[in-house]
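Work through the exercises below with the sequence and the 3D view side by side. Try each task before you read its solution.

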Amino acid sequence: MTYAWGHEKRYNDYSSYIKHTFKERVQKVSVDAGFSCPNRDGSKGYGGCTFCNNSTFNPSYCSEDNSISSQINTRISFFAEKYKTQKYLAYFQAYSNTYDSLDSLKKRYEEALSLPKIIGLVIGTRPDCISDELLEYLATLSQQYYVTIEYGIESTNNTTLQEINRGHDYQTSIEAIKKTHEAGIHVGAHLILGLPGETRKDILQHAQEMSKLPLDFLKLHQLQLVKGSIMGERYLKGLDEIDLYTAEAYIDLVIDFIELLHPKIVLERFVSQSPKEFLIAPKWNLKNFEFVDKVNKRLQERNTWQGKLYAV
């Protein structure tokens with residue numbers, strides 16, 4: 001069976017999207033460009049979101065002490081021998097990568113794009129850190145390069161956003177996504193499934209809310225408790241009880257979620273893998289590809305697919 005996205009996989013997957021879009025091998029390379037976050041420097045708050053420790057997803061070669069070019073070249077050299085013709089997207093990942101003056105942002109982005117094998121940008125940021133001027137600049141840039149803005153949404157529930165010290169409401173996310181889409185820029189979102197206080201009904205409502213938006217991509221992550229985060233440290237001290245999903249229960253939740261999700265949205269990932277030295281719980285001992293294999297198997301067992309229960 002061929003699904004709405006044009007192939008036989010039971011969900012609209014990112015790998016197939018990349019192959020179809022570029023017709024060649026393309027890989028993201030992470031960059032730490034030395035940005036901060038309004039939820040850490042006092043502009044919105046201090047301490048950051050309660051679940052967050054940026055060290056858990058910033059690769060070891062990324063350091064603001066190294067130039068953007070140096071970081072990218074280090075990572076490209078890792079792939080160079082095996083994939084000689086592979087192209088790359090510079091992934092500005094750490095903290096809020098639109099949180100600076102426009103001149104400073106241009107300098108950083110254009111340094112990355114000046115490298116010969118970089119064909120575009122993926123810019124991770126918060127929905128409250130975007131401006132009309134920046135969108136206009138990125139729209140112009142996207143006429144020559146591939147450009148995606150990826151927003152950390154985390155939840156569509158305002159009570160949850162307040163509890164995790166997010167510093168913005170869901171309406172801010174809606175407005176940022178719509179503006180980015182209207183500017184002709186690819187737009188992605190990031191959600192955490194299983195945040196404290198959210199029921200299964202709440203989580204499945206996220207799928208319905210995401211489906212209303214002009215999203216190109218969606219990343220799903222399980223809640224992970226990590227050392228150095230407010231949530232993780234409180235859990236270690238026994239101050240909070242947090243219900244965490246088993247791998248099997250989370251797989252079923254993901255499938256319930258994507259059944260409701262608009263079939264046009266490309267699913268970039270289902271899980272996150274924090275480094276072992278940071279991870280407190282849950283410890284599933286599954287690599288990403290092993291988890292995806294389990295999802296594919298369960299989709300077949302349930303004879304279901306992305307958007308099966310989607311309703312306009």
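**Exercise 1. The strand S1**

Task: Is strand S1 largely enclosed or open, and which strand pairs with it?

Solution. Start with burial. Five of the six residues of S1 (residues 26-31) are buried, so the rest of the structure largely encloses this strand. Buried means under 20% relative accessible area, exposed over 50%, and partly exposed in between (1.4 Å probe, protein chains only). Strands (E, at least two residues) and helices (H or I, at least four) are DSSP runs, numbered from the N terminus.

Next, find the partner. S1 pairs with strand S2 (residues 87-92) in the parallel sense, over six bridges. Two strands pair if DSSP finds at least two bridges between them. Gln-27 stands opposite Tyr-88 in S2.

Before going on, note the ground rules. This is a predicted model, in which local features need pLDDT of at least 70 and side-chain atom pairs count only at pLDDT 80 or more, while totals for chains, interfaces and linings use all residues. Residues are numbered from 1 along each chain as its sequence is written, and side-chain values use heavy atoms, with hydrogens and water left out.

**Exercise 2. The sheet**

Task: Give the strand order of the open sheet of seven strands. Then say which strands stand at the edges.

Solution. The order is S1-S2-S3-S4-S5-S6-S8, with parallel pairing. S1 and strand S8 (266-269) stand at the edges with a single partner strand each, so one side of each has no neighbour in the sheet. From one strand to the next, the twist averages 25°.

Step across from S2. S2 pairs with strand S3 (residues 118-125) in the parallel sense over five bridges. The bridge partner of Tyr-88 in S3 is Ile-118.

Helix H2 (residues 68-80) lies across S1, S2 and S3, and runs at about 140° to S1. Helix H6 (residues 170-182) lies across strand S4 (146-154) and strand S5 (186-193), at about 170° to S4. Axes are lines fitted to C-alpha atoms, for helices over the stretch in contact (heavy atoms within 4.5 Å). Angles run from 0 to 180 degrees between N-to-C directions.

**Exercise 3. Helix H10**

Task: Check the length of H10.

Solution. Take the length first. The expected span is 1.5 Å times one less than the number of residues. For the 15 residues of H10 (residues 288-302) that gives 21 Å, and the end C-alpha atoms are 21 Å apart, which agrees.

**Exercise 4. Backbone exceptions**

Task: Which peptide bond is cis?

Solution. Recall the background. Most residues other than glycine have a negative phi, and most peptide bonds are trans.

The bond from Ala-281 to Pro-282 is cis, with omega near -5°. Pro-282 lies in the loop between strand S9 (279-281) and H10.

Asn-165 has a positive phi, near 60°. Asn-165 is in the loop between helix H5 (158-163) and H6. It is partly exposed, at 29% relative accessible area.

Asn-303 has a positive phi of about 50°. Asn-303 lies in the segment after H10. It is partly exposed too, at 45%.
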